[in-house]
Amino acid sequence: MGNEISVNPDSLEDLANDMVTRLSRIEDEYRNLHMELADLINGAPAEYRHCFYHVGDPWGTGNQLTGQLSEMEIDLRMVANKFADADNLVGKLYKLYEKYGAVTALGALMTKQLAFYGLGFTQFTKNAEGVFSYKHMAALQKVTDKIDESKKLGTMARAFLNPFYLRSKYRNAPLADLVHKRISKYLPDDVVNFTNSSKALYGALEVGSADSAKFKSFVKTGAKFAKANVVSTVALTGIMEAGGMGLKISENYTKYGDNPDVLKRENAKAVGNAVNNTVAISGGAIAGAVVGGALGSVVGPVGTVVGAAAGSFVGGLVGEQAAKLTAGIAEKGAILLKEPIHHGVELFKDGFEKAGKALDVANKGIDMVNKQIKETIADPIGKVKEIGKGLSKAKETADSLIEGAKGFLGKKLSFF
């Protein structure tokens, strides 16, 4: 016997689809039985109604059965998806690209931060007591102060840096501080305060003199430091997950458009997973930024900022793994709301169907590429020969066309 198990993911998916169809019929059946029993009891003479008190209600039994079947369908489709992913070589390469892209983005962010501090646009200084403060480069401070003097220019500059900087919470923030935030993601005050409270707590722990005041200060400044990361992290994660959800729903319309029962469940799962991933990954990234910033504060405010970037990335990866643990719960919760979710999704049905057709073409192309890769891996020499034959045939065809063209043109232009 071989060591490999051959499984067709399509067969597993067909089985899962059949389970959903039967599940829907069972739901309709036990609900109808429940209503018929209620009508029978209400229509019976009052003196005989007590005879039905010990008759089992099909609602509870049916609901329990459909709950078990629903879990089986979720597990079965999950297995089918895992087999399909394992068989998708192009998909594996793309996932590697995603990780590579994330690492590249992290490196770019840290490089930008270090360049900003290295060029001296913002400097952090420490007094005799070891407490940090900050000041901006004189040229940066003068230019931004002049811009701040003009309300119109100040508004334009803030909008150019980030439209969010037009909110009331940044109204009194100097433009130079907002430049720092645009590069480092944090206001310099938040960085300095968190660094000082972190170092004070570390110093107190080393000598065993930590008290509640230092701990409260650490928590308070850490919370404010984290809050600065919330909007950007949640927005970015939410946008990414919403995009993935849209692609999945579009694909569902192509695959299950003629099977409403399956379509409703799969669209609900897509929504549930998007919400679950956004919460888990964002939470991990925000917590990681605080932990990374606290650890980096050992080397000063610059370490706080760079450590927060690294911690956010690691925390996001941890959150991604945590999301897998809660995915099942999120899917089951979303399935309970499949009807309202379906009504909401249907508002954009035309767009999803059009996108689904494009995805179907792309998926067929991916399947063809996967097939070619597998054939090449299985028989690389034969594949090279096949390619050689194809090129030879192409050359012969091209030569034939050229000769034919020469003959045609020779006859037509013979009067010259």
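Q: At what angle do helix H4 and helix H5 pack?
A: Helix H4 (residues 138-149) and helix H5 (residues 151-161) pack at about 120 degrees, and their axes are 5 Å apart. Helices here are DSSP runs of H or I with at least four residues, numbered from the N terminus. Axes are lines fitted to C-alpha atoms, for helices over the stretch in contact, and angles run from 0 to 180 degrees between N-to-C directions.

Q: Before we go on, where does the model come from, and how are residues numbered?
A: This is a predicted model, in which local features need pLDDT of at least 70 and side-chain atom pairs count only at pLDDT 80 or more, while totals for chains, interfaces and linings use all residues. Residues are numbered from 1 along each chain as its sequence is written, and side-chain values use heavy atoms, with hydrogens and water left out.

Q: Back to H4 and H5: what is that arrangement called?
A: The angle makes H4 oblique to H5. Angles under 35 degrees count as roughly parallel, over 145 as roughly antiparallel, 65 to 115 as roughly perpendicular, and the rest as oblique.

Q: Which residues make the contact?
A: H4 contributes Ile147, Asp148 and Glu149, and H5 contributes Lys151, Leu153, Gly154, Ala157 and Arg158. Contact means heavy atoms within 4.5 Å. By class, three of these residues are nonpolar, one is polar and four are charged. Ala, Val, Leu, Ile, Met, Phe, Trp, Tyr, Cys and Pro count as nonpolar, Asp, Glu, Lys and Arg as charged, and the others, Gly among them, as polar.

Q: And H7 with H10, how do their axes cross?
A: The axes of H7 and helix H10 (residues 301-336) come within 9 Å and cross at roughly 100 degrees. The two helices are therefore roughly perpendicular to each other. Val191, Phe194 and Thr195 of H7 meet Pro301, Thr304 and Val305 of H10. This contact has four nonpolar, two polar and no charged residues.

Q: Is Thr195 buried or exposed?
A: Thr195 is buried, because its relative accessible area is 0%. Buried means under 20% relative accessible area, exposed over 50%, and partly exposed in between, with a 1.4 Å probe and protein chains only. The residue is found in H7, which spans residues 188-207.

Q: What joins the side chains of Thr195 and Thr304?
A: A polar contact of 2.7 Å joins them. Such a contact is a pair of N or O atoms within 3.5 Å; within protein, one must be able to donate a hydrogen and the other to accept it, and residues adjacent in sequence count only if both atoms are side-chain atoms.

Q: New topic: how many aromatic pairs are there?
A: A search of the whole structure finds seven. Rings of Phe, Tyr and Trp (its six-membered ring) pair if their centres lie within 6.5 Å; planes under 30 degrees apart count as stacked, over 60 as edge-to-face and the rest as tilted. Tyr165 and Tyr170 form an edge-to-face pair, 5.3 Å centre to centre with 70 degrees between the planes. Tyr186 and Phe225 are stacked, at 4.0 Å and 10 degrees.

Q: Where do Tyr186 and Phe225 lie?
A: Tyr186 lies in the loop between helix H6 (175-184) and H7, and Phe225 in helix H8 (residues 212-256), so the pair ties together parts 39 residues apart in sequence. Tyr186 is buried at 2% relative accessibility, and Phe225 is buried at 1%.
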